[in-house]
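Biologist: I'm new to reading protein models. Could you walk me through this one with some questions and answers?

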Amino acid sequence: MSIVNQLQIGVLKSLASLYEQTFSEKDFQINQTKPEFEGDYTVVLFSLVKTLRLSPDAIGNQLGEKLVTDYPEIFTSFNIIKGFLNLTVTDNYWITLLNKNYADSCFGKKALTGKKVMVEYSSPNTNKPLHLGHLRNNFLGWSVAEILKANGQEVIKSCIVNDRGIHICKSMIAWQWYANDATPQSTNTKGDHLVGAYYVKFNDVYKEQVAALMADGKTKEAAEKEAPIMKATQQMLVDWEEGKPEVMELWKTMNSWVYAGFDTTYQKIGSDFDKTYYESNTYLLGKDIVQQGLDKKVFFKKEDGSIWIDLTADGLDEKIVQRKDGTSVYITQDIGLALQKYEQFNIDQSIYVIGNEQNYHMKVLQLICKKLGMPNAENIFHLSYGMVELTSGKMKSREGTVVDADELVDEMIATSQKLTEELGKVKDFTAEELKDLYDIIGLGAMKFYLLRVDPKKTMVFNPEESIDFHGFTGPFVQYTHARIKSILRKELGNGESSNSTNEFKSPLLPLEKAVIIQLEQYPTALEVACEEHNPSVIANYVFNLAKTFNSFYTEHSIGNAETIEKKYLRLQLAAMTANIIKSGMQLMGIRVPERM
RNA sequence: GACUUGGUAGCUCAGCUGGAUAGAGCAUCAGCCUUCUAAGCUGAGGGUCAUUGGUUCGAAUCCAAUCCAGGUCACCA
C-alpha cells in the first residue's frame with residue numbers, strides 16, 4: 001500500500017477516535033510537502049475546520065500528535081504552518097521499502113484481475129504508407145495495452161486493415177494506367193510506398209482531368225463525375241465487389257506489396273497484434289443486425305428503401321445504416337465487428353484507439369449498439385487522441401507536408417548514430433551492438449517524444465526538437481539507466497547483489513530521500529496511467545525520477561560513499577531506480593541500453 | 001450556425017477531484033569534467049494561467065458569459 005493510502009487511513013482513524021465523527025477521504029487532502037517546508041507529506045486541514053469547529057492549528061496539533069503516537073514506525077515528527085500539517089516519515093520506513101523492493105523487476109505491477117480487454121489500434125489503409133499520425137496511434141495503442149497488462153488486465157491487441165473501397169481502387173487504377181508493370185522489386189521500392197505513389201498519381205491525374213473538363217465548360221460537379229479516371233475507378237469498385245478475377249488478382253498483388261512494407265515498418269517500430277481483421281472480410285458484417293434492428297423497430301425504412309436510425313431524441317440526428325441499394329455503410333460493419341469482437345473473445349471492454357476527428361462517429365456507434373441491446377455496449381471505449389500538427393500547421397497529403405513514418409524513423413536512428421559517434425563512448429562495441437544501440441536510442445527518442453504529451457491533446461511536432469536528445473527526452477532517461485548500470489557493473493560485478501542491511505545509523509540525506517520518495521510513487525503512477533489510458537503519466541514520472549536521481553548522483557558518490565552502509569544503501573537505491581526506469585520505459589515500448 | 005475540445009514563460013508541454021511563493025524541457029545568460037559516463041549537474045532572467053464576472057477562508061483548477069483556435073455535423077472510410 002502506498003504511503004499516501006496509509007496516511008489517509010491513519011488520518012481517518014485518528015479523526016474518528018479524536019472527534020467521534022466519521023469522515024471520508026474527500027474531507028481532507030494529502031499532498032507532498034513543498035520543498036521549502038520541513039516534512040514529507042502534508043495534510044491540508046482547512047476543510048475540517050468547519051465541521052469540527054476548531055482552528056486549523058488545534059486540529060493539526062491533535063492529529064499530528066495522534067499520528068506520531070499511533071504510527072511510530074511511519075511518522076517521526078510534525079509541524080503546522082498556516083493550516084498545513086506537515087509530517088515527516090521515518091528513515092526506517094524508506095529504508096525498509098528500498099530494502100524490500102530494490103531487486104524486484106515487477107515492482108508496481110498488479111496480479112491478474114480477470115478483466116479481459118481488446119485494444120484496437122493502428123488501423124491502416126492499404127493505399128498509402130504510414131505517417132507521423134499513425135506513429136502516434138501505434139505507440140499510444142501499444143503502450144496503453146502494456147499499461148493495462150501491468151495493471152492486471154488480459155489484453156488482446158487488434159488491428160483492422162482498411163483494405164477495400166474506392167480509395168484502394170484509386171491506386172489500383174493509377175498503377176494499371178501508368179506503372180508499366182512496375183513492382184517493388186523492379187523499382188527497388190518499399191511496397192507501401194510504391195502503392196502510395198500511385199495513389200498520389202491518381203489525384204494528380206484526376207485534378208488535371210477535372211480542370212480540362214471545366215475548361216470545356218462543364219460545371220465542377222459534372223467534371224468530377226465525368227473524369228475518365230474516376231469513372232474507371234468506380235467501375236473497378238463494382239468489379240471488385242462482383243469478384244471479377246483480374247481485379248481480384250491485381251488487388252491481392254498490390255495488397256501483398258503493401259503488407260510486406262507495413263511488416264517492415266511494424267517490426268522496426270515494435271508494433272504487434274494478436275488479431276488482425278480485414279475490412280474485405282468484415283464489410284458485410286452487420287447486415288443481419290440491420291434486419292434485426294428493423295424487426296425490433298430500432299431502425300426504420302424510408303420510402304426509397306434506405307434504412308435509418310433516428311437519434312434526434314439523443315441530441316444527434318438521423319443516421320443511415322444501409323443504402324437504398326442494400327449495401328452497407330461504414331458504421332454498419334462497425335456494429336457487426338463490435339459484436340463479433342465480444343462473441344469471439346468474450347471481452348469485458350473494447351477500446352478503440354482512433355483520432356478525435358471520429359468522436360461523433362464513435363458516439364453514434366456506441367449509441368446504436370446500446371439501442372440494439374448489445375451486451376457490453378456500455379463498455380465500448382473510444383480512446384480519442386489528438387492530431388499531430390507541424391510547426392508550419394496541419395499535415396496535408398495533398399500539399400506533400402505529410403511526415404513519412406519510415407523516413408522519420410531512419411532520421412531518428414541516423415541522428416542517434418551521429419551523436420553517439422561524436423561522443424565516442426562506445427568505441428569497443430561490435431558493429432552489431434552499435435546498430436542495436438542506434439535503434440534503441442533513435443526509436444526511444446521518437447516514442448518518448450510522441451508519448452510524453454497527453455494523448456487527448458493536439459500536439460505539435462517540431463523536427464528540430466524531436467532530434468534533441470537533451471532534457472525531457474527518451475535518451476535522457478536511457479542515459480540515466482546506462483550510467484547506473486555502469487556503476488552496478490563496477491561495484492557488483494556480474495549477477496552479484498548488494499548486501500542487504502537494515503543497520504543504518506546515519507540519517508538519510510535529502511537527496512537520498514528524494515529519490516526513494518519518487519521510487520515509492522511508481523505503483524501510483526501505473527494506476528493513474530491505467531485509469532486515464534495515458535502513457536504520458538509514465539513518461540513524466542520516469543523523467544522526474546531520472547532527474548531526481550541525476551541530482552543525487554552528481555552530489556553523492558556511490559562507489560566511494562562515506563560508510564559501507566551508505567554504499568549499500570545507495571547501490572540499492574541506484575538498482576531500484578534502474579529497474580523502475582526499465583519497467584516504465586518498457587511500458588512505452590522503449591528499450592534501455594546497458595551502456596551508451 | 002449547432003455540437004465538441006482546447007487557450008498556462010519566446011517555443012513545446014506538466015499542473016486542473018480547489019490549498020503554501022504556478023512547474024519542467026528547449027532557447028538565452030553565468031558557472032561545474034585529476035574522483036562512479038557532462039546525452040549530466042547548479043544557478044539567473046523570463047508569467048495579466050485568453051478576457052470579464054461569480055462561488056469561498058482560498059481559484060490556473062469549479063460555474064457563467066465573451067473572444068480566439070482545432071475537430072465534427074457525408075448514402076467517404
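Predicted model: local features only at pLDDT ≥ 70, side-chain atom pairs only at ≥ 80, totals over all residues.

Biologist: Which residue just after α8 takes a positive phi?

Modeller: Look just past the end of α8 for a phi of about 100°. The residue there is glycine 217.

Biologist: Are α8 and α10 roughly parallel or oblique to each other?

Modeller: Two packed helices are described by the angle between their axes and the distance between the axes. Here axes are lines fitted to C-alpha atoms, for helices over the stretch in contact, and angles run from 0 to 180 degrees between N-to-C directions. The axes of α8 (residues 191-215) and α10 (residues 228-242) come within 8 Å and cross at roughly 130°. Under 35 degrees counts as roughly parallel, over 145 as roughly antiparallel, 65 to 115 as roughly perpendicular and the rest as oblique, so α8 is to α10 oblique.

Biologist: Which residues in α10 does α8 meet?

Modeller: Contact means heavy atoms within 4.5 Å. From α8, Phe202, Val205, Tyr206 and Gln209 take part, and their partners in α10 are Pro228, Ile229, Met230 and Thr233.

Biologist: What about α21 and α22: are they roughly parallel or antiparallel?

Modeller: Helix α21 (residues 522-532) and helix α22 (residues 536-555) have axes 8 Å apart, at an angle of about 160°. That angle is why α21 and α22 count as roughly antiparallel.

Biologist: Which residues of α22 meet α21?

Modeller: On the α21 side, the contact uses Tyr522, Ala525, Leu526, Val528, Ala529 and Glu532. On the α22 side are Val537, Ile538 and Tyr541.

Biologist: Is threonine 88 buried or exposed?

Modeller: Threonine 88 sits in strand β4 (residues 84-89). Leaving out residues up to four places away in sequence, threonine 88 touches Glu38, Gly39, Asp40, Ile74, Phe75, Thr76, Ser77 and Lys513. Buried means under 20% relative accessible area, exposed over 50%, and partly exposed in between (1.4 Å probe, protein chains only). At 12%, threonine 88 is buried.

Biologist: And glutamate 20, buried or exposed?

Modeller: Glutamate 20 is in the loop between α1 (3-19) and β1 (29-32). Its phi is near 50°, a positive value in a residue other than glycine. With 74% relative accessibility, glutamate 20 is exposed.

Biologist: Where does asparagine 346 lie?

Modeller: Asparagine 346 isn't a glycine, yet has a positive phi of about 50°. Its relative accessible area is 61%, so asparagine 346 is exposed. Its place is the loop between α14 (330-345) and β11 (349-355).

Biologist: Zooming out, what share of chain A counts as buried?

Modeller: Chain A has 23 helices and 14 strands. Its C-alpha atoms fill a box of roughly 90 × 65 × 45 Å along the principal axes. Of its 596 residues, the buried share is 52%.

Note on methods. Residues numbered from 1 in each chain as written. Chains lettered and ligands numbered in written order. Heavy atoms only, no water. Helix = DSSP H or I, 4+ residues; strand = E, 2+ residues; numbered from the N terminus.
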